[in-house]
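Please keep the sequence and the structure in view while reading.

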Amino acid sequence: MSGDDRRGVSGHGGATHPAFPLAPYASHESQSRGRRHPEPAPKYRGEYQRDRDRIVHSTAFRRLVYKTQVFVNHEGDLYRTRLTHSLEVAQIGRSVSRTLGLNETLCEAICLAHDLGHTPFGHAGQDALNECLREHGGFEHNLQSLRVVDELEERYAEFPGLNLTFECREGILKHCSARNARGLGALGQRFLESRQPSLEAQLANVADEIAYNNHDVDDGLRAGLVSCRDLARVALFRRHYETVQGLYPDLQDRRVIHEVVRRMIDEVVTDLIETTRARLAEAAPADAEAVRALAHPLIGLSERIAAEHLELKRFLNEHVYRHFRVVRMTTKAQRVVRELYRAYFDDVRLLPDEHRAAAQRLEASQGVAGRARAVADYIAGMTDRYAIVEHGRLYDPAVPQGPES
Ligand code: MG
């Protein structure tokens with residue numbers, strides 16, 4: 001069958017459902033650039049299935065349940081964590097992949113892995129860590145996600161990390177500074193040459209934005225940071241809010257919100273599919289390499305919906321992410337991260353054995369920047385609550401020392 005990703009080598013892996021054949025411009029496993037450490041092909045799975053399964057089994061993936069997007073994990077059980085966010089991103093990515101004839105499994109794997117390198121406390125934690133490492137190469141969460149899957153996971157006898165395929169790693173490295181790209185070989189090349197990643201990677205990126213813009217509306221309303229009346233200033237929300245109110249005048253608030261968010265996601269995803277389909281028809285890339293050679297991404301929203309989506313994002317920025325209750329929380333979170341970093345960097349004896357060994361090893365090869373990197377790896381791997389507890393152990397004499405890690 002042409003147009004599927006059946007792997008020639010094993011004859012088993014990567015078979016797609018006959019009802020969902022892959023388009024020529026999709027990522028076909030037979031064209032994969034493979035893994036950094038060569039491995040025999042899996043017997044009953046495709047290579048991208050193996051990627052996805054390794055991601056799901058990883059320690060970093062499990063920790064996502066205790067890491068936050070906007071709200072600190074212990075402040076409420078109802079808000080999205082990075083795990084539920086990643087699942088929502090994957091759900092959007094999978095639906096759209098199928099419709100467009102893209103490789104659903106690869107897209108799912110990228111979506112599930114895209115936030116593995118995130119620090120505790122969302123963007124606040126990342127900004128704080130980046131600031132701490134200013135003199136030592138900085139901290140980029142996309143690069144850290146790659147570091148997690150390439151180096152930091154310790155699960156396999158034969159290699160460090162998860163040894164994922166090139167295409168999965170390409171998708172995980174969503175952004176990268178030119179300085180860091182230069183050290184990444186083939187994977188960094190596209191940031192220096194303004195080339196594109198695969199369609200599955202482009203899709204994971206847009207699915208991420210759609211997921212968080214919409215669930216942050218839901219979480220922001222639930223937390224009482226904004227009201228439906230505030231949100232009605234945003235065209236995308238207003239349109240569906242008015243429709244839902246017109247159709248169901250007596251519906252209780254919670255169901256109104258969910259109905260509106262559901263309709264917003266549906267409209268944006270539908271637009272994404274139709275806009276992308278038209279762009280694909282026009283560009284008619286012969287294969288995934290032709291997609292990569294283009295100057296602009298093919299996956300995207302129409303001008304109108306992109307503008308409305310941006311309006312929503314700006315609204316959330318101003319009224320949710322900068323709400324004093326969120327700022328109060330993020331300021332506290334940044335202080336925790338900064339003080340953890342300061343304590344460990346100044347005295348590596350405070351690190352648990354394996355992290356101290358990593359700090360000494362990296363310092364021996366890279367100088368103080370190596371020590372800083374090992375400290376950042378340790379902090380970035382922490383969950384929100386672990387960071388808070390550990391901060392107490394380091395700074396508050398009243399907090400019991402507790403068991404190691
Ligand atoms: Mg994300």
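Helices (H or I, at least four residues) and strands (E, at least two) are DSSP runs, numbered from the N terminus. The model is predicted: local features need pLDDT of at least 70, side-chain atom pairs count only at pLDDT 80 or more, and totals for chains, interfaces and linings use all residues. Residues are numbered from 1 along each chain as its sequence is written, and side-chain values use heavy atoms, with hydrogens and water left out.

**Backbone and burial**

Phe121 lies in the loop between α4 and α5. Ser194 is located in the loop between α9 (189-193) and α10.

| Residue | Phi | Relative accessibility | Class |
|---|---|---|---|
| Phe121 | about 65° | 5% | buried |
| Ser194 | about 50° | 53% | exposed |

**The magnesium site**

Donors are N, O and S atoms within 2.8 Å of the metal (3.2 Å for Na, K and Ca); water is not among the atoms, so sites may look incomplete. For the magnesium ion, the protein donors are His85 (NE2), His114 (NE2), Asp115 (OD) and Asp208 (OD), at 2.1 to 2.7 Å from the ion. Along the chain these donors follow the spacing H-x28-H-D-x92-D. Two of them link distant parts of the chain: His85 belongs to helix α3 (residues 82-100), while Asp115 is in the loop between α4 (104-113) and α5 (122-132), 30 residues apart. His85 and Asp115 are both buried.

**Covered helices**

Helix α4 is mostly covered, with 10 of its 10 residues buried. Contact means heavy atoms within 4.5 Å. Among the elements that cover the buried residues of α4 are α1 (47-57), α2 (59-63), α6 (141-152) and α10. Asp51 is situated in helix α1, and Asp51 is buried, with a relative accessible area of 0%. Apart from neighbours within four places in sequence, Asp51 contacts Arg35, Ala109, Leu164, Thr165 and Cys168.

The expected span of a helix is 1.5 Å times one less than its number of residues. Helix α10 (residues 199-222) has 24 residues, and its first and last C-alpha atoms are 34 Å apart, close to the expected 34 Å. Because 20 of the 24 residues of α10 are buried, this helix is largely enclosed by the rest of the structure. Just after α10, Gly224 has a positive phi of about 75°.

Helix α19 (residues 384-395) has 12 residues that should span 16 Å, and its end C-alpha atoms are 17 Å apart, which agrees. The buried residues of α19 include Asp384, Tyr386 and Ala387, and their cover includes α16 (324-346) and α18 (368-381).

**A helix pair**

How do helices α12 and α15 pack, and at what angle? Axes are lines fitted to C-alpha atoms, for helices over the stretch in contact, and angles run from 0 to 180 degrees between N-to-C directions. Helix α12 (residues 235-247) packs against helix α15 (residues 303-321) at about 95°, and their axes are 7 Å apart. The two helices are therefore roughly perpendicular (angles under 35 degrees count as roughly parallel, over 145 as roughly antiparallel, 65 to 115 as roughly perpendicular and the rest as oblique). Ala235, Leu236 and Arg239 of α12 take part in the contact, and the α15 side includes Arg304 and Ile305.

Key:
Buried < 20%, exposed > 50% of the residue type's maximum accessible area, 1.4 Å probe, protein only.
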